[in-house]
Amino acid sequence: MIRLVLKAGRDASVRRRHPWLFSGAVARREGDGGDAWAEVVSADGERLAAGAYSPESQIVARLWVFGEASVSPGQFGERFDSARKMRAAILPPETTGFRAINSEGDRCPGVTLDVYGATGVLELSAGGVEASGSLFEREALRAFELEKVIVRRTGAERVGSAPGASGPPPDGPHSRVPFRENGLRFFADLASGQKTGFFLDQRENRSRLRSLAAGRRVLNLFSYSGGFSVAALAGGASRAVDVDASEAALDLAGEHRRANGFDSGSDDFVRADVFEDLRRRVAAGESWDAVVCDPPAFAKKRADVDRAARGYKDINRLAMRLIAPGGLLLTCSCSGAVDATLFQQIVFAAEIESGSEFSLFARQGAGPDHPVSIDCPEGEYLKGMWMMRTEGGRR
Ligand code: SAH
């Protein structure tokens, strides 16, 4: 095992049980081996924690246990079982696609598992957990009663199967794995999709849109595979238009509509840059009853925050200009570096510039299958704000 000796006075966050150990706090590394498990000791030799070691990463260890405890395979099983019980308690009916293990939020730092029907996608993103990959794979198959687990380490990918099971490889036509969400049919695009193939974190927002969509014309910006549009149509929307830069995403969006029995025409799928598309729609004087704006993370790190803020303000101002009185806006940010307070400031500033008046009526981040550890509040990244344009308005 590697031994990470902290600099004097740099032990506070570990003692508070924060699971991320930054390389700047480490005075020396003892022992050899690359990606593995490491123990953490204070400058005067006190054992403080142990966790998954990533020698090249800024987060040099993701801590699994604190004090004298050591990391053991039995813990992996216990933590997976605890996560499974939570999912059983909080998932809605007719839902077979969910985040089963949410890294720090399930006390499994560096491990995520998304389940789509009987298939799991296991992502291992820290050295030590990669080294123990086959143990996690076995626990995923067992705890969530899966037939197949696809393991993703930094880039490489392979398929592991339950004893006796033989699944198709994760490329080719079988890379689309069917699952259900609140009774609706979707496919996770495991081979070439974003995330692990679907944006499971937006389930609660899709569900709210479904409940509000009756009779509305919905514009779905940054649509990816069109999950929001399917939910809106299921809720009685009169029309839904997906806008995305990716042809493959729009193709899958068409398949999702067909799988749920909704007709669509080619003008329901617009391949475009959303910034340009919005300007064109505003210039044409378009009017919509609901707009969903769920872009990719504009800020991946602190240094990007200013530029990201301008981007969020632009798209929100333009989107608001398209919304008819009584119309809805769901606007989201999944940038961890833009916190909820800043995102709200940006959206409110956009509202003032838009010239229309909106009220905020709900907030919704990632669904309950994305729990956040109170020791690691950084795990909360998705902000969603629901707003309605008022009928009259002050301007
Ligand atoms: N709202 C989606 C997830 C969005 S992911 C859902 O609920 O499933 C971000 C999407 O934005 C990706 O599909 C990506 O292709 C698209 N995208 C990124 N930048 C874009 C741009 N400037 N214009 C249009 N689409 C963009």
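Contact here means heavy atoms within 4.5 Å. This is a predicted model, where local features need pLDDT of at least 70 and side-chain atom pairs count only at pLDDT 80 or more, while totals for chains, interfaces and linings use all residues. Residues are numbered from 1 along each chain as its sequence is written, and side-chain values use heavy atoms, with hydrogens and water left out.

**Exercise 1.** Find out which domains the chain has, and how many residues of domain 2 and domain 3 are in contact.

*Solution.* Start with the bounds, which come from an automatic or database domain assignment: domain 1 covers 2–66, domain 2 covers 73–177 and domain 3 covers 199–389. Next, look at domain 2 and domain 3, whose C-alpha centres are 28 Å apart. Now count the contacts: 16 residues of domain 2 meet 11 residues of domain 3.

**Exercise 2.** Work out how much area domain 2 and domain 3 bury between them.

*Solution.* The size of an interface is often given as the accessible area lost when the parts come together. Buried area is taken with a 1.4 Å probe and summed over both parts. For this pair, that comes to about 1100 Å², with 63% of it on carbon and sulfur atoms.

**Exercise 3.** Track down the salt bridge across this interface, then see which elements line the domain 2 side.

*Solution.* A salt bridge needs a side-chain nitrogen of Lys or Arg within 4 Å of a carboxyl oxygen of Asp or Glu. The rule finds one between domain 2 and domain 3. On the domain 2 side, the elements giving two or more residues are α2 (73–90), β7 (97–102) and β8 (111–116). Strand β7 gives the most, with four residues. (Helices are DSSP runs of H or I, at least four residues; strands are runs of E, at least two; both are numbered from the N terminus.)

Terms used. Buried area is the accessible area (1.4 Å probe) that two parts lose on being put together, summed over both.
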